[in-house]
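Subject: Structure handover

Hello,

Here is the structure I promised to pass on. Please open it next to this message, and then read my notes below.

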Amino acid sequence: MYIVPEKDIATLVNRSDCFDAVEKVFASMARRRAYNFPVIREAIGHADALYGFKSGFDRDGLALGLKSGGYWPGNEAKGLTNHQSTVILFDADTGRARAVVGGNLLTALRTAAASAVSIKHLAREDAKVLGMIGAGHQSAFQMRAAVEQRDFEKVIGWNYHPEMLSRLEQTATELGLPFEAVDLDRLGAEADVIISITSSFAPSLMSHQVRPGTHIACMGTDTRGKQEVDAALVVRATVFTDEIEQAITIGECQHAVAEGSMGAADIIEIGSVINGDRPGRTLEEEVTLFDGTGVGLQDLVVAEAVVARAVEQGMAIEVDF
Ligand code: NAD
């Protein structure tokens, strides 16, 4: 069995590896060649922690396994990251444990890859202004992956906690792009592509603030009760997702579905667009929305890419198990 520790992940994969792996597995999901198993997420009644696991199997790439971890709010005081993830891969032919891989950086990379895939397939080709809602840990990864998909000339951003906006400014500067902090009216009026990545439980962006032709990647809502945009915006948009079942239960679509203004049949799997079975954007003026709920298969396929690279470079720790 191989072990690839968290500290080595950054040198073993890049954004392009993650993008390719995620795009491919979304396509396999839509062809019913890859599927996710039901997600477990529990408050364990210790250390205030939320623990869970996401798992699945990709029959095309033979990725089998799970990502386990969750949220430990007391970690920061111990000098650790609050979110903790570890991926365990199994041999699809024998069921034997194949690898244990650090999953913290991979989570950020695979989540950013998902919104980048949505931008590639759904945003207008002439998109120039990227709007960021959220300035937390994930936001910098999101921005870096997004700017590789279109010739963006500017980044504008809003955050509920304005003191965190320096992260967006710094990231944009590193990418050679000007950054401006704006209110949500300006963000919706000027951005061609909007990424929202917050832990909010109430909508920030309203439908009336968003101009026609915008592509929005809603990436923060991954739990029942969370919400980043108002339900009217979801109803107005042509909606795409990684997995429909998650979108209607724990994703951004949950609210529009609960109020009865949309159903599962109104949501298109991004994989079917990648496969060419469904159209993506069909009109310049159309608002497209990607509900990126985050599926276990994303974790498994990026972890597979890491293991392959680690073995190739002699960096995987091999143990008799
Ligand atoms: P973080 O704690 O570093 O940052 C949280 C962000 O949410 C900050 O920008 C903060 O200002 C904002 N925020 C907090 N309360 C808010 C409110 N009431 N209204 C509006 N904004 C508010 O978190 P992070 O690691 O950047 O993760 C952000 C979100 O992304 C979380 O909800 C996380 O669960 C989710 N996430 C989703 C996926 C996925 O696959 N879809 C993967 C990883 C993380």
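The centres of domain 1 and domain 2 lie 24 Å apart, taken over C-alpha atoms. Please keep in mind that this is a predicted model. On the contact between the domains, domain 1 puts in 16 residues and domain 2 puts in 19 residues. The domain assignment gives 2–107 + 297–318 as domain 1. Domain 2 covers 124–294.

The parallel sheet

There is an open sheet of eight strands, paired in parallel. Follow the order β10-β9-β8-β11-β13-β17-β15-β16 across the sheet. Which strands stand at the edges? They are β10 (179–181) and β16 (267–269). Each has a single partner strand, so one side of each is left without a neighbour in the sheet. From one strand to the next, the twist averages 20°.

Look at the β10 end. Strand β9 (residues 154–158) runs parallel to β10, and three bridges join them.

The next strands show the antiparallel kind.

Start with strand β4 (residues 50–58). Nine bridges pair β4 with strand β5 (residues 63–71) in the antiparallel sense. K54 stands opposite K67 in β5. The hairpin of β4 and β5 has four residues between the strands. Within this hairpin, L62 takes a positive phi near 60°.

Move on to strand β6 (residues 83–90). β5 and β6 pair in the antiparallel sense, over eight bridges. S68 has T86 in β6 as its bridge partner. G65 stands opposite L89, also in β6.

Then comes strand β7 (residues 97–102). Five bridges join β6 to β7, and the two run antiparallel. V87 has V101 in β7 as its bridge partner. Six residues lie between the strands in the hairpin of β6 and β7. Here G95 takes a positive phi near 80°.

The second largest pocket

How much space lies in the second largest pocket? The answer is about 250 Å³. The pocket is lined by 13 residues. Closest to its centre are A21, K24, D58, G61 and V301.

Which elements supply at least two residues each of this lining? They are α2 (15–30) and α11 (296–312). The largest share, five residues, comes from α2. By type, the lining of the second largest pocket divides into six charged, five nonpolar and two polar residues.

Go to the β4 and β5 hairpin, with L62 at a positive phi. Go to the second largest pocket, with K24 and D58 among the residues closest to its centre.

Best wishes

Conventions:
Residues numbered from 1 in each chain as written. Predicted model: local features only at pLDDT ≥ 70, side-chain atom pairs only at ≥ 80, totals over all residues. Heavy atoms only, no water. Pairing = 2+ DSSP bridges. Axes fitted to C-alpha atoms, helices over the stretch in contact; angles between N-to-C directions. 1 Å grid on protein atoms, 1.4 Å probe; cavity = no way out; pocket = protein on both sides within 12 Å on 5 of 7 lines; lining within 4 Å. Points joined across faces, edges and corners; volume = space filled by probe spheres on them. Nonpolar A, V, L, I, M, F, W, Y, C, P; charged D, E, K, R; others polar. Domains from an automatic or database assignment. Contact = heavy atoms within 4.5 Å.
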